[in-house]
Amino acid sequence: MTKPRVGEPLTPFVLQTVDNAPVEIGGKADRWTMFFVYRGRHCPRCKRFLNKLNAVLSDWTEHMDVVVASADTQAKATDDKAEFGWDFRLGYGLSVPQMRDLGLYVSNPLSDAETDMTFAEPGAFAIRPDGTLMLVDISNGPAARPDLEELLDGMIFNITHNRPVRGGD
């Protein structure tokens, strides 16, 4: 597994969203983007994290775009959005090559009761408007997630002061 390098461009890719408005991740943009990857509909810890994100979404979108995605099918992602009332842009169909390009841990289901497909473990990626990665947070399981309040506070500082990346070497 290769990890993405902060300070370098993220290879752009397009995600389909449940709102039928494809979104490009990476590449040049008008604003910063925070891209969160979650495990999928089968993960209750993901729901708790994403519900917390949704509750403070306006604080985030004041400073950057927020996109969330998983490997789930359109139907599963649409069901999640409807069930939880999420307001963020929700992508689906993250492919295994995309997962690997992002440096994510990739898991197979432990049983049919969990899910029926390969999925990504959680990740968070802060992307500058020029398409370079500012921050990468990758977990190999659902229990380790960034604290949303601390992450946003740090990102506001980074954006406001145009801080350089750390740990690029």
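## The main core

The largest nonpolar core in this predicted model has 27 residues. Six of them make the most contacts inside it: Met34, Phe36, Leu53, Trp60, Val68 and Phe88.

What does phenylalanine 88 touch, leaving out residues up to four places away in sequence? Its contacts are Leu50, Leu53, Asn54, Leu57, Val66, Val68 and Lys81.

## A second core

There is also a second, separate core. It has 18 residues, including Phe35, Val67, Ile127 and Leu133.

## Strand E1 and its two faces

Strand E1 covers residues 13-17. Which of its side chains are buried? Phe13, Leu15 and Thr17 are buried, and they point to one face.

## The partners of E1

E1 pairs with strand E2 (residues 23-25). The two are antiparallel, with 3 bridges. Valine 14 has glutamate 24 of E2 as its bridge partner. The hairpin of E1 and E2 has 5 residues between the strands. In this hairpin, asparagine 20 takes a positive phi near 60 degrees.

E1 also pairs with strand E5 (residues 89-92). This pair is antiparallel too and has 2 bridges. Here threonine 17 stands opposite glycine 91 of E5.

How values were computed
Residues numbered from 1 in each chain as written. Predicted model: local features only at pLDDT ≥ 70, side-chain atom pairs only at ≥ 80, totals over all residues. Heavy atoms only, no water. Buried < 20%, exposed > 50% of the residue type's maximum accessible area, 1.4 Å probe, protein only. Helix = DSSP H or I, 4+ residues; strand = E, 2+ residues; numbered from the N terminus. Pairing = 2+ DSSP bridges. Core = buried A, V, L, I, M, F, W, Y, C linked by side-chain atoms within 4.5 Å. Contact = heavy atoms within 4.5 Å.
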